[in-house]
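Dear colleague,

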Amino acid sequence: MPSISIQSPKLNRILAALPLSEFARLEDDLELVDLPLGRILYDAGDSLEFVYFPTTCIVSLVFATENGSSAELAMTGNDGLLGIPLVLGGETTTHKVVVQSAGAAYRLRAEVIVWELDQGGNLLRLCLSYAQALMTQMAQSVVCNRHHSVDQQLCRWLLLSLDQLSGNQINMTQELIAGMLGVRREAVTEAAGKLQAAGLIQYRRGHITVCDRPGLEARVCECYAIVKSEYDRLFRLTSPILPKNRLRPNPATLRQRAEARLQQTQAASPASAWDSDRLLHELQVHQVELEMHNEELRHAYGEADSLREKYADIYDFAPVGYFTLDVQGVILQLNLAGAILLGIKRSRHGCYRFAAAVKPAYLPAFNAFQEEVLANKAKTHCEIVLLATEQRPEATVRIEAVPDESSRECRMVVIDITAEKEASRALREREGYQRALLDNFPFMVWLKDEQSRYLAVNAPFALNYNWSSVEAPVGKTDFDITTRELADAYQADDQAIMCSGEKRSLEQKVEVHGEERWFETYKSPVVVDDKLVGTVGFTRDISKRKAMEAELRSLAATDALTALANRPHFLEHLEAAHAGLQREADHPVALMLLDLDHFQMVNDTLGHAAGDALLRLFSALLHDELRKVDIAGRFVDDEFAVLMPQADLDAAMILAERIRAKVAVTSVSIGERQVAMSVSIGIASMNPTDPSSGQALEYAEAALGRAKAQGRNRVEVAVTDLDGILPAAS
C-alpha cells in the first residue's frame, strides 16, 4: 500500500498541468484515497459521486457481457481521470471501473468538478483532451484485440501499464490479465512464457518484472505507439483561455440585439402612423447600434492592448535578438537583446545597417542571404560571425529570417551560438583525442550495447576484420565478422558479464587466416548513471608472448648441452609416472641409468671441449634409439637416465643392449686422436608398491654400480631380496 506521506496531486498529469490559480482553488477539495487491488470504483449504471485523479494506481475500464465474459476497454493511470461522463455532461457510467494495480488517487466531489468545468478554464480543456485520448485508446484496443496476436496484445498491455508506474514491476496475475484482454488464461500463459524465455520479462506468483523494455517495444504492434503518441500530443496542446461571459461579436444579429436593448431602455409609447415617429425610431436604433459597436471596439482595443503589452514584453526581454531590416539592410526595428548584441542604442536603430556589424569575411554570405529571403519569400537561415564590441568578443550567430507580406522587409531572429560552437569544437577535439588514443593502441578495442551490437571500434579492430573504416562495423554483431561458433561464444560471454556485473579476462587460441594464434581478451560491463548499458573490451595478440613462454619453459626443463631433459624436469616425469602407476598398476614402467665409461679421463687429457663433444654425440645416439613415449635426461656430467612408460624389464634390457652395442662401435675424432666410447647401464622396474618414485631410482643406481664394478661396458638389472637392494659387487 502506498505511503500517503509521499503523495502529491501533482503526480497526476492533469492536475500538474493546471495553472497555479486554478490548482489552488481545487487543492483544498482534493481528498487522498488508497485504492487496493480489485477495488470497484463504479459499476455499470452507477451514479457518479466522485471524479478520481490517479497518482500511483492503475485502473481499468471493463465491459462485462450477460454471460460473464469481460474485456478491458482502456486503462487509466496518472495521465488521466476517472468519471469522464461528468465531463461530457452525463451522470452515470455504462462500464465497470476496477483497480488493476494498487496505489493512490485524489478524488473530487461531482458537484465541485461540474462547477469548475462550467467556468471554461484550463481544467475543461485538459479533461476534453484526455477524453479524446481515451477514445483513441478504446478504438485502438478494439482493433488490436481483433487483428493482432495475444503476444502483441500482452506486450501492448504491459507497456501501457509501465507508462503509469515509476518502476519496472507490475503486480498482476495471469488470470486477471486474461480477463482484461478478453482471452483464455492458457493463451496469456503461453504468451508470457515466450516473453520470459526471450529474457524480456520475469514472472513469479503474480509479479511481472520487465527486464528488457526495448525488447518489448520491438515486439509490440503499432497500437501502442498510436495510443502513446496521441496522449503525448494532446497534453502538449495549448490554447488561450478566454474569460467567461465576454462579449461575442456577431454583425448578423446586431440589429436584432439593438432593437431588444432599445425596448428595454425606453418606456412603451402609443403607436403613431406619422413618418416622423418612424424616423425617430430608426435614429434611436442606429444610435444604440453605434453604442454597441463602440462597446465591442473598446473590448477589442482592450484585448489588443493587453496582447500588445504581453508580446512587447516577450519581444523586448527575449534572450535572442529580433531585427527588422529594409531592402538596403537598414535596421528598422530591434529588441533589447538585439541592441546589446550589436552594441548600439535602440533609439538610433534607423542609423545603422546590420551589415556594419558583420565580420568582413562573412559579408558576401550575409548579403546573399538577405537577397534570398526577400526574393524567394520563404524562411531560410545562415550562420555568420559578428565583429567584437566593447561588451563582447567576436560572436558566431545563427540567423533565421522571413520576409514581410510585400517582401520589402526582412524580419530576423538572431541567436548567439558562440558557446554552442565552442562546446561543439571542444567535443570534436576531445573525440579526436579519444579516437587517436584508441586507434594508436596496439590491440583491438570495442564498445557494444545491451544486444551485443557494436557501437564503436578502433582502427586495429577494423583492420583485423578487413573493414573499410571504423564506422563500418557500427550496428553489426559478432555474427557479421566471425564464425557462428565463435559468435555464439562471444555473445554468451557478453550476456554473462552483463548479468553478473563482473569483469572477465581470458586467453584463447583462434585460427586467423589459416594460422593458429593466441589472443588475450578483457571484457567489462559499462554502467552509465547507475544503468547497465553494454560492454567494453579489448583483445591483443599474445602469440609471441606464448611462444616465448613456451621457449622459456623448454629452456627451464632442458639441458643446454645435450638438449635432453635436465635432472629436475626428468624427476618431475618420474614422479608423474609413479602417480600414474598407482592409479593403473597393470601398466609397467622401466627406468634406465647410463654412465659414459672413463669420461673423466677424456676431460682431463683432451679438455672440456672434447668432453662436451663426446656428450653431444652420445645424446644424439641415445635419442635415435628411443621410442616417442620414452623420456631421456641428463642427470650430472656423464650420467644419463631414460624413463620407459609401458615397458617391462625384458623390453628395457633389449633397448639397453642395443644402445650399449651401438655406442661400443662408435668412436669420435678429437684433434689427431680417435677416442672410443662405451657405456655402462643399470635397469630397474617401478612398482606400484614403491613408497616413492625415488625407490626405482635407487634400484637402478645399484644395478649401474654393479655394471661398472664388473668391468663396465655392460648392462645390469636391479636384484632385490626381502631386505631390499643387494649390495653391488666390489
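Two strands are taken as paired if DSSP finds at least two bridges between them. In this predicted model, strand β9 (residues 201-204) and strand β10 (residues 207-210) run antiparallel and are joined by four bridges, with Ile 201 standing opposite Val 210 in β10. Two residues lie between the strands of this hairpin, in which Arg 205 takes a positive phi near 50°.

Most residues other than glycine have a negative phi. Asp 637, which is found in the loop between β22 (631-636) and β23 (639-645), has a positive phi of about 45° although it is not a glycine.

Turning to charged pairs, the structure holds 32 salt bridges. One of them joins Asp 559 and Arg 634, whose closest N and O atoms are 3.4 Å apart; because Asp 559 lies in the loop between α18 (543-557) and α19 (567-583) while Arg 634 belongs to strand β22, this pair ties together parts that are 75 residues apart in sequence. Both Asp 559 and Arg 634 are buried.

Glu 625 and Lys 662 form another salt bridge, with 2.9 Å between the closest N and O atoms. Glu 625 is in helix α21 (residues 608-625) and Lys 662 in helix α22 (residues 649-664), so that the pair links parts 37 residues apart in sequence. Glu 625 counts as buried at 17% relative accessibility, whereas Lys 662, at 28%, is partly exposed.

In the salt bridge between Glu 516 and Lys 509, the closest N and O atoms are 3.9 Å apart; here Glu 516 is exposed at 56% relative accessibility, and Lys 509 is partly exposed at 46%. A network of salt bridges also links Lys 379, Glu 383, Arg 398, Glu 400 and Lys 421.

Asp 493, in helix α17 (residues 484-500), is buried, with a relative accessible area of 17%. The side chain of Asp 493 makes a polar contact of 3.1 Å with that of Arg 504, and, leaving aside neighbours within four places in sequence, Asp 493 is in contact with Arg 504, Leu 506 and Lys 523.

Lastly, Phe 317, Leu 336 and Ile 340 make a nonpolar surface patch of about 330 Å². Of these, Leu 336 is found in helix α13 (residues 336-342) and counts as partly exposed, at 35% relative accessibility.

Key. Residues are numbered from 1 along each chain as its sequence is written. This is a predicted model: local features need pLDDT of at least 70, side-chain atom pairs count only at pLDDT 80 or more; totals for chains, interfaces and linings use all residues. Side-chain values use heavy atoms; hydrogens and water are left out. Buried means under 20% relative accessible area, exposed over 50%, partly exposed in between (1.4 Å probe, protein chains only). A polar contact is a pair of N or O atoms within 3.5 Å; within protein, one must be able to donate a hydrogen and the other to accept it, and residues adjacent in sequence count only if both atoms are side-chain atoms. Contact means heavy atoms within 4.5 Å. Patches are made of residues with over 30% relative accessible area and no salt bridge: like charges are joined within 9 Å, nonpolar side chains (Val, Leu, Ile, Met, Phe, Trp, Tyr) within 5 Å. Accessible areas come from the Shrake-Rupley method with a 1.4 Å probe; for residues, only the protein chains shown count as cover. A salt bridge is a side-chain nitrogen of Lys or Arg within 4 Å of a carboxyl oxygen of Asp or Glu.
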